[in-house]
Amino acid sequence: MEKTRISSLQLFMILSGFLFGSTVILAPAKGAKNDAWLAMLIGGAGGTLLMGIYAALATLNPSKTLVDILRERLGKVFGNIFAILYIWYFIHLASLVLRDFGEFICTVTFPETPMIVVIGLFAAVLVYVINGGIEVIGRLSELLVPLIPLLVFIISLSVITVHDFTAFLPILENGMIPVLNAAFSFISLPFGETVAFLMLFVHLNEKKKLSKIVLVSAVISTVMGIVVFLRDIFVLGSDLMSRSTFVPHLTSLLIPGLNVEPLVDINLLIGGGVKTSICIYAAAQGICQVAGIDDYRKLTGAIATFCVVLSVWEYENLLEMVNWAEKVWPYYSIPFQIAIPLLLLLLSRRD
């Protein structure tokens with residue numbers, strides 16, 4: 001394992017950037033329509049609890065990565081099997097984020113550019129960053145992630161004159177079922193995906209602050225999501241929001257007399273870059289531990305290349321990607337995000 005350490009602030013910034021991730025271009029909990037704010041409130045509470053489970057698991061197993069915990073609690077054979085499944089999950093998640101990035105850039109910014117070129121160049125830059133180590137990722141996050149809420153604030157302030165503050169009414173028009181379904185999706189994406197940080201928490205230099213960092217980052221991410229939703233629905237209305245894919249981008253286009261569209265691109269570059277980097281880093285470290293390889297940098301290029309190929313291959317079009325993210329991904333993720341961590345937490349508390 002890499003021996004470098006990161007500060008509490010750096011872990012907070014990495015976590016925040018990861019949680020923003022693809023949500024800076026996609027509208028989370030969109031299935032709840034007008035009540036998406038309520039779904040995000042419920043999902044944020046559930047997501048904070050889930051991230052708290054990951055923090056508790058890391059606290060009960062200090063100086064151990066997810067692979068170490070799996071081996072110790074489930075035995076070497078079953079531990080390695082589940083470790084391999086988690087490695088696949090991290091790789092799959094990285095490919096999904098890359099595809100989100102590629103779809104957005106090739107749809108709204110560079111429509112004439114082949115998607116594989118856009119994704120490939122982005123991945124090449126990320127490999128360079130990942131090979132610098134977790135400390136480099138931390139320092140870059142410390143520098144760049146604060147731009148995301150700043151740019152969200154700038155866009156929100158710019159559209160303050162174009163609004164309808166009653167657009168989210170009536171409340172619970174379609175009942176609680178759509179709200180609960182959307183809340184579950186919001187828990188899975190992005191909060192449950194922070195299970196990848198069980199490969200990174202060992203690098204924190206002040207372990208006693210882990211729970212606080214996790215709590216604050218989850219709460220801020222939830223508040224940011226609700227603010228962005230309210231901004232978008234006040235500007236676009238629920239009908240236009242429900243028929244749009246990249247809702248925050250569409251909002252940025254409606255600002256009178258000002259072009260802030262590039263700000264959305266910057267947010268995606270930062271958030272998506274942090275999220276993909278962490279997933280590839282976690283996968284590379286996991287393979288090193290399972291296979292006994294001494295340096296994860298030997299694997300990052302191959303993993304990133306596979307992620308690029310998988311991201312292009314796995315969906316036929318944008319609609320298929322969105323459908324998978326909304327209807328399949330939350331249930332596909334249950335074993336990785338909820339079932340196995342809860343089992344490991346139960347086994348850890350017995351000792």
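Predicted model: local features only at pLDDT ≥ 70, side-chain atom pairs only at ≥ 80, totals over all residues.
Helix H12 is followed by glycine 292, whose phi is positive, near 75 degrees.

**Helix H12**
- With its 31 residues, H12 spans 45 Å between its first C-alpha and its last, which is close to the 45 Å expected at 1.5 Å a residue.
- H12 is mostly covered, since 25 of its 31 residues are buried.

- In helix H6, which runs over residues 134–144, the buried residues are Ile134, Ile137, Gly138 and Ser141.
- When H6 is seen down its axis, these buried residues fall within an arc of 100 degrees, and they therefore line one face of the helix.
- An α-helix has 3.6 residues a turn, so residues three or four places apart point the same way.
- On the face of H6 turned away from its buried side are the exposed residues Arg139 and Leu143.

**The nonpolar surface patch**
- Leu143 is also one of the residues of a nonpolar patch on the surface, which includes Val136, Leu140, Leu147, Phe153 and Ile160 among its members and has about 840 Å² of accessible area together.
- Helix H7 (147–158) gives the patch its largest share, five residues, and Phe153 is found in this helix.

Key. Residues numbered from 1 in each chain as written. Heavy atoms only, no water. Buried < 20%, exposed > 50% of the residue type's maximum accessible area, 1.4 Å probe, protein only. Helix = DSSP H or I, 4+ residues; strand = E, 2+ residues; numbered from the N terminus. Arc of directions from axis to C-beta. Expected span 1.5 Å × (residues − 1). Patch = residues over 30% accessible without salt bridge, like charges linked within 9 Å, V, L, I, M, F, W, Y side chains within 5 Å. Areas by Shrake-Rupley, 256 points an atom, 1.4 Å probe, with all protein chains shown as cover. Salt bridge = Lys/Arg side-chain N within 4 Å of Asp/Glu carboxyl O.
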